[in-house]
Amino acid sequence: MNKLKTKEQVVATACSSHCGGSCPLQVYIKDGIVTRIETSDQDELKACLKGRAQRQKVYASDRLKYPLRRVGRRSAGEFERISWDEALKTVASRFKHVINKYGPEAVVLDFMGGDIAYLHDGRWLGRLFRRFGDYTQLWSNPSFMGGNVASMITYGTPHASNNRDDLVNSKLIIMWGWDPANTVSGTGTCWFLTQAKERGARIITIDPRYTESVASFADEWIPIRPSTDTAMLVAMASVMLTENAHDQHFIDAYTVGFDKFRDYVLGVEDGVAKTPLWAEEITGVPATTIEGLAREYATIKPAALLPSGAPGRTAYGEQFHRAAITLAAMTGNIGIHGGYAAARAWESLFGGYPYDITWFKDRVEFFKTRDGPPSRDTLARRAKQVHRLELADFILKGKRGGYHADCKFLFLMASNFLNQVPNVNKTVRALHAVEFIAVQEQFMTPTAKFADIVLPANSFLERNDMTVGWHLPYVCCMNKAIDSLGESKSPLQIAVELAKHMGVTDLVNKDEEEILHEMIAECGVTDCEEFRERGYSRMKLEEPYVAFKKQIEDPQNHPFPTPSGKIEIYCQQWAELSNPELPPIPKYMEPEESWRSSLARKYSLQFISTHFRNRALSQFDNIPWLKELGGQALEMHPSDAFAREISNGDLIRVFNDRGQLLTRAKVTHRIMPGVVSLPQGAWYDPDETGLDRGACANVLTHGEYSPAGAWPLNTCLVEVERYEGR
Amino acid sequence: MIQLGFYFDQSRCIGCASSLIARKDWNDVPAGPASWRSLLTIERGTYPDPLVTFLSTACYCVLPSCVPACPTGAIHEREEDGIFIVTSEECTGNESGGLCEQNCIAMGLHSSERRRTLRRKNGISAAATRCWSS
C-alpha cells in the first residue's frame with residue numbers, strides 16, 4: 001500500500017485519551033487539515049478504534065471553538081459567544097470576589113482525565129489558584145482508588161505491576177473482572193495475551209459478563225455476583241490453607257501478619273469459617289468451582305492473577321485488592337517472571353513502569369499524596385479536603401453541614417463531572433446551587449451546560465505534549481499536528497492568560513516548546529530529532545519488567561518500602577485507626593446495598609456499569625463513527641427479561657430511588673441471572689420528568705464512598721420494566 | 001492470474017472494531033451504512049456456556065453480481081490483482097437506478113452513500129474493491 005500521497009505531510013503523535021493506552025499515531029496532513037490517521041506499523045503498539053476516530057473528534061461539528069457565556073438557566077444549554085478577554089476577565093473577577101468574601105477554601109478546582117497528558121494538565125491552574133491561598137482540593141480516584149490504597153499499604157508503593165510482555169511467561173492467567181479486549185488496559189495487552197494463549201497458558205476469567213475478553217482468551221468462565229469478589233478470594237485462601245497448598249516459605253520470608261489473616265479465614269477470629277460453601281452463598285459461584293480455582297492457582301506456577309479495577313469499584317472495594325495481593329503472596333507469585341503481584345495501583349494506569357523521569361515521578365507523588373491510604377496524617381489533611389463523591393453534598397451543605405467551607409466557585413477542566421460521578425440527580429441539584437461555575441472543555445457536555453463561562457480547550461492534535469506507555473516502558477512525543485481550531489487554546493495557554501487577568505505575570509516563564517524540550521531531555525532520549533519524527537521511543541530492557549524482583553531475590557538488601565520492610569498482610573497503620581470498616585487484614589464485609597439486603601426486595605437486580613469499547617469514559621460519546629457501532633444497551637439474562645415481559649430491543653426503564661433512565665434491552669446469555677450491565681459514559685439527557693433519555697449509568701449509582709475512598713460504582717441495585725411511553 | 005484477498009485469523013480476533021474505523025477514516029467514508037469492512041459477532045449457546053466469536057470481513061466478492069447488473073459496463077476486474085474497480089466516467093450513478101447496489105449480495109455493504117463518497121474521492125464507485133485505496 002502506498003501510504004504517502006503527494007503533498008501529504010505526516011506528523012507523529014500519540015493518542016492519550018485516558019482510555020487505557022498510549023498509542024502511537026501517524027497523522028496525515030494536507031494544507032493544515034488532518035486527512036487521515038494511521039498507527040504504528042512497526043510493532044504491537046496499535047491504536048484502537050477511538051484513536052482511529054480522532055479525526056472525527058477533532059473536526060466534530062459540535063467542537064467548542066469560542067468562549068461562551070451562559071444566557072439561559074443552568075443546564076438549558078443557552079450560551080452566547082464572547083471574547084477571550086471578556087471570558088477570562090469574568091472568571092478572574094468572580095474568583096477574586098469569592099476569595100475576598102469567603103476565603104480561598106470556597107474555591108474548588110477539579111480536573112479528571114479527559115484529553116490531557118503530562119505537559120497540558122491541571123497543574124498550571126492549580127499553581128495559579130494556590131497563589132491566592134489553599135483552595136479546596138478534591139481527593140480520590142474514580143477508577144481504582146481501592147487498588148491504589150491496597151498497593152500502598154501492603155507493598156508500600158504503587159509501583160507493583162509486571163509489564164504486559166511478561167504475560168507470555170505465565171502458565172496460568174486469572175483475569176479477575178478484567179476485559180482488555182474492550183478497555184485496552186495497556187496498548188498491546190491483547191497481543192501479549194494472544195501470545196500467552198498460543199503458548200499454552202491456561203486462562204480463566206471471573207466476571208459477571210461473558211465479555212469479548214472471555215470470548216477471545218478464556219478457557220473457563222466463572223460468573224460471579226458483582227461486589228462479592230472478596231468473599232471468593234477469601235474462600236480460595238481457605239482452600240489453600242486447609243489443603244496446605246499455600247507457599248508457607250514465601251509467607252514466612254516476605255510477609256507480616258499472615259497469622260491474623262489465617263485466623264480470620266479459618267474462623268478462629270469470629271467463629272465463621274470462610275469455606276467455599278460460605279462463599280457460594282454470597283457469590284453465586286459453586287463451592288467446587290472455588291476449590292478448583294484455588295487448587296489451580298496454588299499449583300500451577302508461575303501464575304498471574306490480574307485484578308481489574310472493576311471489582312474494586314465497589315463498597316469496601318479496597319478489601320478486594322488487599323485480598324488479591326494476599327493470594328499472590330500465598331502462592332508465591334510476587335517478583336517472578338510469569339507471576340503478578342495482583343496489584344491494581346494508580347501507577348499501573350499512567351505507567352506500569354517506574355520511569356526515572358522527573359515529570360512522571362512528580363505526578364506519581366502528587367497522586368500518592370492526594371489519594372494515599374487512610375492514616376492519622378492523611379485524615380488530618382483531609383479535614384480541609386473533600387472526597388469527589390462528597391462534592392455535591394459539600395456544595396449543598398457547606399459549613400452548615402460540618403464542612404470546612406462553603407463552596408462558591410467551581411472550576412472544572414477535562415472533567416465531565418456531572419456525568420461521571422455517582423448520583424447524577426444530586427449533583428444536578430448541587431450545580432444549580434453554586435455561585436459561579438467555569439468549565440474548560442472541547443464539547444458542550446452535560447457538565448458544561450451548567451457553566452457560567454465555558455472556555456474552549458484545544459485537543460492533543462493541536463498542541464505539543466508527552467506521555468508514557470501503560471504497562472510497557474516507552475515514552476511518546478505528542479507533536480502538534482495542526483493549529484488550534486477556532487479560538488480554542490491549550491490548557492497551558494488558558495492558565496497563563498487567566499493568570500494575567502488575575503495579576504499574576506510569572507506563572508510560567510517558558511513557552512510550550514521550551515517546556516517540551518526540557519521534558520524530552522529528562523527521558524534519556526539521545527536523538528531528539530529522530531524521537532520527534534518517530535513519535536515514541538521504547539526503553540531497551542533485557543527482559544520484561546517484573547515488580548519486586550529485587551525484593552524477592554535479595555530481601556536482605558532490598559526490603560519492601562513498608563514500615564516492616566515486608567509485604568504487610570496485616571497493616572498496623574490501619575489497626576491504629578480502630579475503624580471496624582478498615583480492618584488491618586483483608587476481610588469480606590457485606591455492603592449496605594448488597595443483593596442479600598432488604599432493599600433487594602424492592603430493587604432485585606444488581607447493576608454494574610462497565611467501560612465501553614466505543615468510548616473513553618464519557619469521551620467519544622458524540623462521535624458518529626463510534627456511535628453507529630451501537631451497543632449502548634442494558635444487558636440482561638433471558639430469565640430476568642422473561643420475568644418482566646421484556647424482549648430483546650425493547651425500550652426499558654431502569655430505576656431505583658436515586659433516578660431513572662431509558663435504554664434498550666439487550667437480552668443475552670452472556671450475563672449471569674440477577675445482574676444487569678450498562679456501558680457507562682453515555683451523556684446524561686433528562687426529559688422534563690427527570691427521566692434520563694441519554695442512559696447515563698450514574699443516574700442510578702450511589703455516592704457513599706468506601707472507608708478507604710473507593711468508588712462503589714458496581715454495588716448498586718435497580719429494577720427494570722418495559723417502557724410503554726415514547 | 002493473481003487474486004488478492006485478505007487473510008483473517010479468527011482465533012486472534014477480539015472484536016475490537018478498529019479495522020472498521022480504520023477503513024472509514026482512510027477512505028474518508030462518513031458515518032452511515034457504508035463500510036469497507038464489517039464485523040459480525042456470532043453468539044450461540046446458553047448461559048453458562050455461551051459461544052461468542054467474531055468475524056471481520058472485507059467487502060469483496062469472487063463473482064460480484066453487480067458486474068453483470070451494470071447497464072454501462074462500468075465495473076471491471078483488474079487483470080493484475082483481480083480487484084474490481086469502477087471508473088467514474090462510465091458510471092452513471094443513480095441515474096440508471098443504482099442497479100449495482102440493488103443486485104449486491106454482499107450484505108448491503110455498497111450503499112449509495114458509499115458510491116458517492118468513492119466517486120468524489122477516487123473516481124471509483126460501488127464495487128468490490130477489497131479495500132483497495134489509491
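Modeller: Let us start with a word: a residue is buried when its relative accessible area is under 20%, exposed when over 50%, and partly exposed in between (1.4 Å probe, protein chains only). This is a predicted model, in which local features need pLDDT of at least 70 and side-chain atom pairs count only at pLDDT 80 or more, while totals for chains, interfaces and linings use all residues. Residues are numbered from 1 along each chain as written, chains are lettered from A and ligands numbered from 1 in the order written, and side-chain values use heavy atoms, without hydrogens and water.

Biologist: Then why is A:C48 called buried?

Modeller: Its relative accessibility is 14%. That is under the 20% limit, so A:C48 counts as buried. B:C70 passes the test too, because its value is 16%.

Biologist: How do you know how many disulfides there are?

Modeller: By a distance rule: two cysteine sulfur atoms must lie within 2.5 Å. Searching the whole structure over all chains gives zero disulfides. Take A:C48 again: the nearest cysteine sulfur belongs to A:C19 and is 5.8 Å away. Since 5.8 Å is not within 2.5 Å, A:C48 is in no disulfide.

Biologist: What makes A:R131 and A:D506 a salt bridge?

Modeller: The rule asks for a side-chain nitrogen of Lys or Arg within 4 Å of a carboxyl oxygen of Asp or Glu. In this pair the closest N and O atoms are 2.9 Å apart, so the pair qualifies. The pair also joins distant parts of the chain, 375 residues apart: A:R131 sits in the loop between α4 (123–130) and β7 (136–139) of chain A, and A:D506 in the loop between α21 (491–501) and α22 (512–521) of chain A. Helices (H or I, at least four residues) and strands (E, at least two) are DSSP runs, numbered from the N terminus.

Biologist: Why are A:R131 and A:D506 called partly exposed?

Modeller: A:R131 has a relative accessible area of 42%, and A:D506 has 49%. Both values fall between 20% and 50%, so both residues are partly exposed.

Biologist: What makes A:E719 and A:R644 a salt bridge, and are they buried or exposed?

Modeller: Their side chains come to 2.5 Å, N to O, which is within 4 Å. A:E719 is buried because its relative accessibility is 14%, and A:R644 is buried at 18%. Elsewhere, salt bridges that share partners tie A:E212, A:K666, A:R670 and B:E43 into one network. Over all chains, the search finds 52 salt bridges.

Biologist: How do you know where chain A touches chain B?

Modeller: By contact, meaning heavy atoms within 4.5 Å. The contact takes 44 residues from chain A and 33 from chain B. A:R36, A:W625 and A:H669 lose the most area on the side of chain A, together 19% of what that side buries.

Biologist: Which salt bridges cross over?

Modeller: Six salt bridges are found across the interface. One salt bridge between the chains pairs A:K666 with B:E43, at 3.3 Å from N to O. On the side of chain A that touches chain B, the elements giving two or more residues are β3 (33–39), α1 (49–52), α2 (54–58), α7 (189–198), α8 (212–217) and α26 (624–627) of chain A. Of these, α7(A) gives the most, with six residues.

Biologist: How confident is the predictor in chain B?

Modeller: We read that from pLDDT, the predictor's confidence in each residue, from 0 to 100. Chain B has a mean of 72, with 63% of its residues at 70 or more. Over residues 107–134 of chain B the pLDDT is below 50. Where pLDDT is low, the predicted coordinates should not be read in detail. For the complex, the predictor gives an ipTM of 0.93 and a pTM of 0.94.

Technical notes: Buried area is the accessible area (1.4 Å probe) that two parts lose on being put together, summed over both.
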